[in-house]
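Open your viewer and get ready to select things one at a time. We will take a short walk together, stopping wherever there is something to look at.

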Amino acid sequence: MTKTEYLDRLAAILKKNQIPDAEDILAEYEQHFAFKLADGYSEEEAAARLGAPELLAVQFEKRETHTGNAALTRLGLVFADFSFGLALVLLAAFGIVLIALSLACAAAAICLITGLNIAGLIPSMPYGCAVVMGLALLGLAVLTAVGCVYYFAFIRQLIRSFGRFRHNALASVSGKAALPPLPVRALLSVRANRRLRAVALIALAVFAICFVLGYIAAALSAGQLSFWHAWGWFQA
Amino acid sequence: MNAQYKKGVLELCVLSLLTKGDHYGYAISDSLSRRIDIADGTVYPILRKLKSDGLLTTYLQEESGGPPRKYYSLTALGREVYAKDRAEYLSFAENVQKLLEDDAHDEN
């Protein structure tokens, strides 16, 4: 059998068996012939070594019989989208709270350190204590900011992973190839992860140390542990 | 050897070849049929199946003086599946060998 005869026969059987992407398969076999001929084989030898086209054609899998009903799957996905959307709104809301917390801590820290007292919102205390407390709040602000980064990376990965699930659900009813599922856990690069962790650890240490020091300093200067009573913070 | 059985093992062989680097279809077919007695054409249906299972991806690469070649490359899933199937096959093969050797011993 010559190359053309072989490929024609293979093409005819692939078509009869309704194998998808037949041109792609034929291109591979054509390339195989090209390599074999370049190695000094004759077309007949190369064809004989390939095996009978009838035997090869049955080894290609048919288009997957569509498991499930496409319309039902789409309907199901509408509900899945709706639930996922709702969950996303809740998750995003918590993310916004986290951002607000971080910004509030940072603003309070700046006020304490620079001695700004906008509209008398900051209760009176010795400036030394205010600076230490300000540093503690700054640490807390950085810590929550790192938390935000992780949190939004997680949400992003969640969205991508849901998108992949959606794609595969649709692929399974339309006979297209499914892609491997994506992990839900956030994927940051090793370097970014290491840096974020270092920043978070430093911020945590600053917060813990300054908070304890600030408390001790305030208690000493007020002369009692509940210094807020001594300074009359909560009196109208 | 039973064709269906052979096919499963051949999938493992193809994955093994691809762990060492990306190859085009002919190179895989050639190195397999050198070592195992199979028809040259058998490899292509296997490559196709592994691709549709998401274990392989393909990309085209220009070659000097010729049409672009289709290269096959393992996906992360492919690596994972290979590691698992390889361990399973090795322990299976070991047990079969032991069993067959015991058998030969009994006959003597």
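Which residues make a nonpolar surface patch of about 660 Å²? Select Y5(B), Y89(B), L90(B), F92(B), V96(B), L99(B) and L100(B), and you have it on screen. A patch is built from residues with over 30% relative accessible area and no salt bridge; like charges are joined within 9 Å, and nonpolar side chains (Val, Leu, Ile, Met, Phe, Trp, Tyr) within 5 Å. Accessible areas come from the Shrake-Rupley method with a 1.4 Å probe, and for residues only the protein chains shown count as cover.

Before moving on, two notes on what you see. This is a predicted model, in which local features need pLDDT of at least 70 and side-chain atom pairs count only at pLDDT 80 or more, while totals for chains, interfaces and linings use all residues. Residues are numbered from 1 along each chain as its sequence is written, chains are lettered from A and ligands numbered from 1 in the order in which they are written, and side-chain values use heavy atoms, leaving out hydrogens and water.

**Stop 1: chain B**

Now select residues 76-107 of chain B. This is helix α4, which gives the most to the nonpolar patch, with six residues. Helices (H or I, at least four residues) and strands (E, at least two) are DSSP runs, numbered from the N terminus. L99(B) lies in this helix, and L99(B) is exposed, with a relative accessible area of 60%. Here buried means under 20% relative accessible area, exposed means over 50%, and partly exposed is in between (1.4 Å probe, protein chains only).

Next, colour all of chain B by secondary structure. Of its 108 residues, 38% count as buried.

**Stop 2: where the chains meet**

To see a salt bridge, select R49(A) and D40(B): their closest N and O atoms are 3.4 Å apart.

**Stop 3: chain A**

Chain A has eight helices and zero strands, and 28% of its 236 residues count as buried.

Select residues 190-222 for helix α7 of chain A, which has 33 residues. From first C-alpha to last, α7(A) reaches 47 Å, close to the 48 Å expected at 1.5 Å a residue; the expected span is 1.5 Å times one less than the number of residues. Its buried residues include L196(A), C210(A) and G214(A). Show α6 (127-174) and α8 (227-230) of chain A too, as they are among what covers those buried residues.

Last, go to T2(A), in the segment before α1 (3-16) of chain A. Beyond its neighbours within four places in sequence, T2(A) is in contact with E43(A) and E44(A).

Conventions. Salt bridge = Lys/Arg side-chain N within 4 Å of Asp/Glu carboxyl O. Contact = heavy atoms within 4.5 Å.
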